[in-house]
Amino acid sequence: MYPNLYYVFEDFFGVKIGFLRFVNSFGFFVAIAFLVAAALLSRELKRKSKEGFFKPTERKIVVGGPATPGELVVNFLLGFLFGFKILALFFIGTEAMQDPQSYIFSGRGSWWLGLLTGGVFVWMKWRERKKQELKKPEERVVRIWPHDRVGEITVIALIVGLLGAKLFDIFENWSDFLKHPSDYIFSGGGLTFYGGLICAGLAIIYYARKHKFSVRHLADAVAPSLMIAYAIGRIGCQVAGDGDWGIYNSAYKVDGSNEIVLAVPNVMAHSSFFTKDGRIDSLPNKAFIKPSALGFLPDWMFAYHYPRNVNKMGIPIPGCTDAYCNRLIIPVFPTPFYETLMCSVLFLALWLVRKRIRLAGALFCLYLILNGMERFLIEKIRVNNQMELFGFHPTQAEVIALGLMVAGAAGWIFLAQKNRASLKKV
């Protein structure tokens, strides 16, 4: 388990680089997911533009002018934050690196470094514009294609998506949030994927309409990117051990040496680590023994105890004295790993059929169906809070997943009927 990149370098290369404690594994893979998604989206938008599905928009810009006050203010703020928090690490000492999260959300930092770095950033922007300055600034009209806006789209999806993911997680755990609000607000974990997907989707639809390009073709272009981004993001969940694991596999247990061994039947007496208030609950479990045909696969793919998990849940690891020294008492299904495999396969499926499905919006409908099916199935072996709904007890993710499948199927039927009607008129 690698809560942050410090542990990766320590384990693989035998070096200890304190600064890497600030690079959380989950955040690292989320960043990679966004970069990969942005690259694929840009490629798809270029392809669709060549096929005539998108048209450029025109915008007037002024070139050759000096740096504006707004640009100088923004650069100063960015430089100040960089100096106040990041550069200050080299002067504050190693204690901040032992608890990066507390340091980031605290008021600690270096004011003089912040002001100095902010001033440097302002000077760099002023100097850059000075080199490009003309005797008389010119107004020019530039053509902007949708693929030129991928950077803006990615930033919008990142900011709104993270806010939506955090809000949905709070709503899903409302009673516990009221007891421990700071644990949710100031935590880097606790992100609900569907919250991010829904909120980011609405924001991007608004953005597409504002800039007058086809929402349906944009949705088709982004569908494969969303699937592979989710697969990469789940790698971060698996590596960091952020609590998105499954129910426990009662066919296995962990012996004294932390090795997973087969144990049927396996009756566990401790389960309090699944709850934040210390209650002892009965936990759902399944007994699934690795098939003999898959004997070459490691046991952790079927039952994993998530050592050094970022939630610090479970029991202490003997001999460990670091910040993350807990592992689960009983091994659970590594559902993030399963989702990475499933969504990678689904991405390949979407990527292969993207040119064959010509009906605008249909590929995104297929994505909704596949995504909903995948999540609905994985919820059967995931630990999640259940809701009371018409006598049933589904999880929030199951309800949303079912809604996505219905919406995808309904959208496909609607688009197909609309297409047939338009063909009849011709």
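Colleague: Is K312 buried, partly exposed or exposed?

Modeller: Bear in mind that this is a predicted model, where local features need pLDDT of at least 70, side-chain atom pairs count only at pLDDT 80 or more, and totals for chains, interfaces and linings use all residues. Residues are numbered from 1 along each chain as its sequence is written, and side-chain values use heavy atoms, with hydrogens and water left out. Buried means under 20% relative accessible area, exposed over 50% and partly exposed in between, with a 1.4 Å probe and protein chains only. K312 has 45% relative accessibility, so it counts as partly exposed.

Colleague: And where does R308, with its positive phi, sit?

Modeller: R308 isn't a glycine, yet its phi is about 60°. At 22% relative accessibility, R308 counts as partly exposed. Helices (H or I, at least four residues) and strands (E, at least two) are DSSP runs numbered from the N terminus. By that numbering, R308 is in the loop between strand 6 (285-286) and strand 7 (315-316).

Colleague: What distance separates the end C-alpha atoms of helix 2?

Modeller: Helix 2 covers residues 25-50, which makes 26 residues. The expected span is 1.5 Å times one less than the number of residues, so helix 2 should span 38 Å.

Colleague: Which residue just after helix 2 takes a positive phi?

Modeller: Look just past the end of helix 2 for a phi of about 90°. The residue there is G52.

Colleague: How much space lies in the largest cavity?

Modeller: Rolling a probe the size of a water molecule over the atoms shows where empty space is left. Here a cavity is a set of points on a 1 Å grid over the protein atoms alone where a 1.4 Å probe fits but cannot get out, and lining residues have an atom within 4 Å of a point. Grid points are joined across faces, edges and corners, and the volume is the space filled by probe spheres set on the points. The search finds one cavity of 30 Å³ or more, and the largest holds about 100 Å³.

Colleague: Which element gives the most to the lining of the largest cavity?

Modeller: The lining has 13 residues, and R47, K48, D220, R354 and I357 are the closest to the centre. Helix 2 and helix 12 (215-240) each give two or more residues. The most, three residues, come from helix 2.

Notes:
1 Å grid on protein atoms, 1.4 Å probe; cavity = no way out; pocket = protein on both sides within 12 Å on 5 of 7 lines; lining within 4 Å.
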